[in-house]
Amino acid sequence: MKIKFPTKKFSTALVLATAVSAATVSSMTQAADWKGWNIHNTGYPVTVAMESFIKEADKATDGRVTGRVYNGAVLGNQSDAIQMLQVGGIQFAGFNLGPMGDAVPEVNVVSLPFIFKGLDHMHRVMDGPVGDELSAAMEKKGIKALAWYDGGARSFYNTSKAIKTPADMKGEKFRVMNNELYVGMVEALGGNATPMAYSEVYQSLKTGVVDGAENNWPSYDSSNHFEVATYYSLTEHLILPECICVSVAAWDKLSTKDQVAVKKAARNSSALQRDLWAKRDTESRKKVLASGVKFNEIKDKSAFQNAMTPVYKKAVKDNPSLQYFIDAIQSTP
Ligand code: BDP
C-alpha cells in the first residue's frame, strides 16, 4: 500500500503512527498468499494432505491465509526449500527431516540409522516432548514444524543384486539425500554414496551413474525407480519423520487467532496424511512386487545395525548435543 503524505510538514511521531496504523490496516485486509513447496506428485499422501491443509487454513481464517501447493519440486530442490523457508521466500513446505541436519544440527538425531524402533515409536517420540524440542530448535532457525507427517521406513534398492548382508554393498554406489551423515552410513556398510537431488535419481539409475538408492515403498513406486532398480532389500534403516512446516517470517505476521486456526489445520492434515500413508504403503508395495520387483526380506538386521556404531560416534563427536536426544529417544517406550 502506498501512503501519500501531504507536503505540509508532520512530526516524525505522527508520520510513524500513520505508517504503523496503515501497515496494521493493510495486514488486516490483505490476505497472506502462501506458496507451498512439495517434491511429490498429484495424489501422493503428502500432496493431498498439504492441499487439505491450505484449504482448511483458508476457510478457518476467513481467507486471511490463502495459498497454493507447488508439486514436483518446481520451486527448487529440498535444500533450496529449507533456505527459502528461512528467509520467507516460501511460506510452507512438506518434506522429510533428512536434509534439515545442516540447518538445524539437533534434527540430525532422526537421521541416525535404526534410532526408532518402528513407526509407532517414531509417532510417540515426535508427538511428545522430543518432537517439541526439535521443533523449538527448528524455530530458532526460522522454520516452524506445525505437525508431523509419515514417511514410512527407507530401505536400499539397486539394479544388480539383493543386499542380504553389508558385504553385498561393496562396490555399489548409492544415491543418498543431501546430508553428510548418510554418506557415512553407506560407507560404514561398505558401499559408496553420492548425495543427489531426488529428481535426478531415475536417470542416474538408468544410465548407471549410481547402482542404487534408498527410499520407502510409496516413493520407490511414485518416482518409478522400481522400473530401473528392481532389487528391493528390506533394511528399514531409516524411519524419517516428515513435517508440515511454515516459515517463521510468515507465521509471525498472523494474529494469535489465525495461528491457532492454521495450527489446527496442520494437525488435521497430519491425521489425514498418516491415514493415507498407511494405505499407500500397502498399495505401493503390492504394485511394485506385482510388477516383478525382486524382494529380499532381511529377517535379522543385526549386521546392518552393528555397523552403525561409528556413524553414531562420529555424529556425537561432531555435535555433542545429539547425545541428549539419542538418550531421550532411546528411553521413550
Ligand atoms: C521421499 C521424501 C522426500 C525426499 C525424498 C528423497 O518424502 O521428502 O525428498 O524421499 O529421497 O520419501 O529425496
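**Strand pairing and crossover**

Mentor: Start with strands β6 (residues 173-176) and β7 (residues 192-195), which run parallel and are joined by four bridges. Keep in mind that this is a predicted model.

Trainee: What makes β6 and β7 a pair?

Mentor: Pairing needs at least two bridges found by DSSP. β6 and β7 have four, so they pair. As an example, F174 has A193 as its bridge partner in β7.

Trainee: Why is the unit of β6, helix α6 and β7 called right-handed?

Mentor: Helix α6 covers residues 180-188 and makes a β-α-β unit with β6 and β7. Point the strands away from you: a clockwise path from the first strand over the helix to the second counts as right-handed. This unit is classed as right-handed, so its path runs clockwise.

**Domains and ligand**

Trainee: How is the chain divided?

Mentor: Domain 1 is 7-150 + 241-283, and domain 2 is 153-239 + 287-330. Their contact takes 30 residues from domain 1 and 27 residues from domain 2. On the domain 1 side, α3 (78-87), α4 (119-126) and α11 (256-290) each supply at least two residues. That side divides into 16 nonpolar, nine polar and five charged residues.

Trainee: How do you know where the ligand lies relative to domain 1 and domain 2?

Mentor: Both domains give residues to the shell around the ligand, so the ligand lies between them. The surrounding residues include Q78, F95, Y198 and N215.

Trainee: What is the makeup of the shell around the ligand?

Mentor: The shell has four nonpolar, six polar and one charged residue. E242 is in the shell, and Glu counts as charged, so E242 is the charged one.

Conventions. Residues numbered from 1 in each chain as written. Predicted model: local features only at pLDDT ≥ 70, side-chain atom pairs only at ≥ 80, totals over all residues. Near = placed C-beta within 6 Å. Domains from an automatic or database assignment. Contact = placed C-beta atoms within 7 Å.
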